Amino acid sequence: MKIYTKTGDKGQTSLIGGRVDKDSLRVEAYGTMDELNSFIGKAMTELEGEKFADLLADLEAIQNELFDGGGDLANVMKERHYKLSEEPIEVLEQRIDALMDEAPPLEKFILPGGSPAAATLHIARTVARRAERLTVTLMKAEEDVPAKVQKYLNRLSDYLFVAARIVNARLGVPDNEYVRSAKVFRTGKKEGK
């Protein structure tokens with residue numbers, strides 16, 4: 001099997017059920033999800049040890065879900081059967097809640113960074129936001145774009161923010177607060193709780 005097919009040499013690519021230009025909005029959206037998946041894979045290589053087993057399991061599931069969502073965006077067949085369901089969104093919400101219980105109090109904006117893995121997760125978070133923006137634009141431009149993909153990306157960016165903070169906390173690396181930030185979050189834990 002050859003990895004190159006030459007079918008894209010004239011600037012088009014195959015979708016599930018059709019062909020489009022490689023710079024189409026649909027390709028931009030699912031291509032950005034692929035980019036996001038790559039950054040998540042990089043973050044996984046930077047997480048070692050038992051203390052990150054839960055995050056690694058989350059991230060592995062997320063990689064598969066991103067592949068499902070990207071496939072859903074690439075599907076232009078008349079009768080479409082989408083792979084991404086509500087369940088992964090609910091799981092992300094549960095994981096966000098559990099990780100927030102572990103996270104240090106947060107009152108101000110923080111700057112991306114800290115440990116290498118946390119920095120990579122912050123990059124993934126910003127790519128997730130871009131993928132979401134592209135998906136919203138695609139939803140406005142075309143019919144039958146699965147709304148679950150946009151909702152999943154929205155929740156995923158929140159998860160990646162919390163996961164980056166947890167990685168730093170577990171490594172003993174403090175968040176780097178934005179120095180001119182007012183107190184914008186009210187998630188600080190009260191003493192005695």
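Where does Y178 lie? I looked it up first: Y178 sits in the segment after strand 4 (176-177). Strands here are DSSP runs of E with at least two residues, helices are runs of H or I with at least four, and both are numbered from the N terminus.

Ground rules, noted before going on. This is a predicted model, where local features need pLDDT of at least 70 and side-chain atom pairs count only at pLDDT 80 or more, while totals for chains, interfaces and linings use all residues. Residues are numbered from 1 along each chain as its sequence is written, and side-chain values use heavy atoms, with hydrogens and water left out.

**Entry: the surface around Y178**

I checked the cover on Y178 and got 32% relative accessibility, so Y178 counts as partly exposed. My cut-offs: buried is under 20% relative accessible area, exposed is over 50%, and partly exposed is in between (1.4 Å probe, protein chains only). Y178 belongs to a nonpolar surface patch with F109, L111, V179 and V184, and together they have about 440 Å² of accessible area. A patch takes residues with over 30% relative accessible area and no salt bridge, joining nonpolar side chains (Val, Leu, Ile, Met, Phe, Trp, Tyr) within 5 Å and like charges within 9 Å. The areas come from the Shrake-Rupley method with a 1.4 Å probe, and for residues only the protein chains shown count as cover.

I followed helix 5 (residues 147-171) next. Helix 5 has 25 residues and reaches 37 Å from its first C-alpha to its last, close to the 36 Å expected at 1.5 Å a residue. That expected span is 1.5 Å times one less than the number of residues. Just after helix 5, G172 takes a positive phi of about 75°.

Then I looked inside. The largest nonpolar core has 47 residues, and L36, Y159 and L160 have the most contacts inside it. Helix 1 (25-45), helix 2 (53-74), helix 3, helix 4 (116-141) and helix 5 each supply at least two of its residues. Helix 5 gives the largest share, 12 residues. A core here is a set of buried Ala, Val, Leu, Ile, Met, Phe, Trp, Tyr and Cys residues joined through side-chain atoms within 4.5 Å.

I listed the contacts of Y159 (heavy atoms within 4.5 Å). Leaving aside neighbours within four places in sequence, Y159 is in contact with L55, D58, L59, I62, L92, R95, I96 and L99.

**Entry: salt bridges**

How many salt bridges does a search of the whole structure find? I got 13, counting a side-chain nitrogen of Lys or Arg within 4 Å of a carboxyl oxygen of Asp or Glu.

R170 and D54 meet at 2.7 Å, N to O. This pair links R170 in helix 5 to D54 in helix 2, 116 residues apart. R170 counts as buried at 19%, whereas D54 is partly exposed at 27%.

R95 pairs with D58, their closest N and O atoms being 2.8 Å apart. R95 lies in helix 3 and D58 in helix 2, so this pair ties together parts that are 37 residues apart in sequence. R95 and D58 are both buried.

E93 and R155 also meet in a salt bridge, at 2.8 Å, N to O. E93 is in helix 3 and R155 in helix 5, so the pair ties together parts 62 residues apart in sequence. E93 is partly exposed, at 30%, but R155 is buried, at 15%.
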